[in-house]
Structure formats: structure tokens, C-alpha cells
Amino acid sequence: MTDLKGRLKSDLTVAMKGRDELTTATLRMLLTAVTNEEVAGSTARSLSDDEVLRVINREAKKRREAAEAFAGGGRAAQAQRERDEETVLVRYLPRQLTDDELTELVRTGIAESGATEQRQMGLVMKTITPRTTGRADGKRVSDEVRRQLSR
């Protein structure tokens with residue numbers, strides 16, 4: 001078992017003992033998603049910490065999108081619940097990049113890749129994605145790359 005998965009399980013135990021319904025439900029959902037990922041495919045395997053982080057990131061993004069959908073549909077209580085679950089998940093993710101840090105990373109990636117125009121965006125993304133994974137949403141990164149290349 002990876003360190004992160006072990007931490008999730010121990011935090012689940014603490015939440016259950018503390019009768020923290022939100023954290024308990026969220027961590028159960030997350031551990032189920034991790035287990036589903038482990039048994040997906042032809043053979044079962046154990047996920048690395050990086051793979052567990054990807055699952056956490058994906059689940060946080062689902063909560064964010066669901067909260068927007070519920071809010072747009074006039075269902076404020078469900079939207080708040082989704083936001084609360086996302087807050088629990090974010091505790092396990094690395095610190096997110098600030099706008100200035102992201103701008104600088106993209107600037108460096110453009111310089112390293114030698115990209116000069118919009119159609120070379122893939123080169124830049126290939127260069128900076130490993131540095132931003134788990135620390136910035138992919139859409140946010142691609143928007144910044146597009147913005148800087150369109151100057």
C-alpha cells in the first residue's frame with residue numbers, strides 16, 4: 001500500500017471515530033475510486049502515490065463541475081455539498097500554482113520548446129505538463145499557453 005493510500009485509510013478511521021459524516025463519505029468515495037482504478041484493466045495492481053494523486057485530482061474536478069451544474073440548476077444545497085466534498089479532497093493535493101508561478105512556468109516552457117505560434121501549443125504542453133500535474137488544472141494551463149502564444 002502506498003503512503004498516500006495508507007494516509008487516506010487512517011484519516012477515514014479518524015473521521016469515522018469523530019463522526020465526521022462529510023469526511024467519512026468523501027474518503028469512502030475516494031478510496032472506492034482508487035480501488036476501481038487498481039482493478040481496472042486485465043490485471044489488478046497497486047497504484048503509486050502519483051497515480052493516487054491523479055485519482056484525487058480527477059474526483060476533485062468532478063466535484064467542482066457538479067457544483068457548477070447544481071448551482072446553475074438552482075440546487076444550492078447540492079452545490080454546497082459538492083464544494084464541501086471538494087474541500088476535503090483538496091487537502092490531499094499538492095499546493096496549487098499561483099497565477100504568477102503558472103505564467104512563469106509557461107514562459108519557461110515556451111522558451112525551452114522554441115514555440116513561436118499557436119499551432120505549436122502541443123510542444124509547450126508536452127514540456128510543462130509534467131511540472132504542473134496535480135498543481136494546476138489542465139484547462140488553466142492550456143489557457144495560459146494559448147494566451148502567451150497569441151501575443
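Helix α5 is followed by Gly114, whose phi is positive, near 75°. The model is predicted, so local features need pLDDT of at least 70 and side-chain atom pairs count only at pLDDT 80 or more, while totals for chains, interfaces and linings use all residues. Residues are numbered from 1 along each chain as its sequence is written, and side-chain values use heavy atoms, with hydrogens and water left out. Helices (H or I, at least four residues) and strands (E, at least two) are DSSP runs, numbered from the N terminus.

Helix α5 spans residues 99-113, 15 residues in total. From its first C-alpha to its last α5 reaches 21 Å, close to the 21 Å expected at 1.5 Å a residue; the expected span is 1.5 Å times one less than the number of residues. Six residues of α5 are named here as buried (under 20% relative accessible area, against over 50% for exposed and in between for partly exposed, with a 1.4 Å probe and protein chains only): Leu102, Thr103, Leu105, Val106, Gly109 and Ile110. Seen down the axis of α5, these buried residues fall within an arc of 165°, so they line one face of the helix. The arc is that of the directions from the helix axis to the C-beta atoms. An α-helix has 3.6 residues a turn, so residues three or four places apart point the same way. The face of α5 turned away from the buried side carries the exposed residues Asp100 and Ala111. The cover over the buried residues of α5 includes α6 (121-132) and α7 (138-149).

Thr103, in helix α5, is buried at a relative accessible area of 16%. Not counting residues up to four places away in sequence, Thr103 touches Glu144, Arg147 and Gln148, where contact means heavy atoms within 4.5 Å. Thr26, in helix α2, is buried with a relative accessible area of 1%. Leaving aside neighbours within four places in sequence, Thr26 is in contact with Glu85, Val88 and Leu89. Ala77 in helix α4 (residues 76-90), by contrast, counts as exposed at 60% relative accessibility. Between Ala77 and Asp99 there are 30 Å in space, C-alpha to C-alpha, and 22 residues in sequence.

A nonpolar core is a set of buried Ala, Val, Leu, Ile, Met, Phe, Trp, Tyr and Cys residues joined through side-chain atoms within 4.5 Å. The largest one has 16 residues, and those with the most contacts inside it are Leu8, Leu27, Leu30, Val52, Val55, Ile56 and Tyr92. Helices α1 (3-17), α2 (21-39) and α3 (49-72) each supply at least two residues of this core, and the largest share, five residues, comes from α2. Apart from this core lies another, of 14 residues, among them Ala115, Met121, Met125 and Val141.

The largest pocket holds about 460 Å³ of space. A pocket is an open set of points on a 1 Å grid over the protein atoms alone, where a 1.4 Å probe fits, with protein on both sides within 12 Å along at least five of seven lines; lining residues have an atom within 4 Å of a point. Grid points are joined across faces, edges and corners, and the volume is the space filled by probe spheres set on the points. The lining has 22 residues, of which Asn57, Thr132, Thr133, Gly134 and Ala136 lie nearest the centre of the pocket. Helices α3, α6 and α7 are the elements that give two or more residues to this lining, and the largest share, eight residues, comes from α3.
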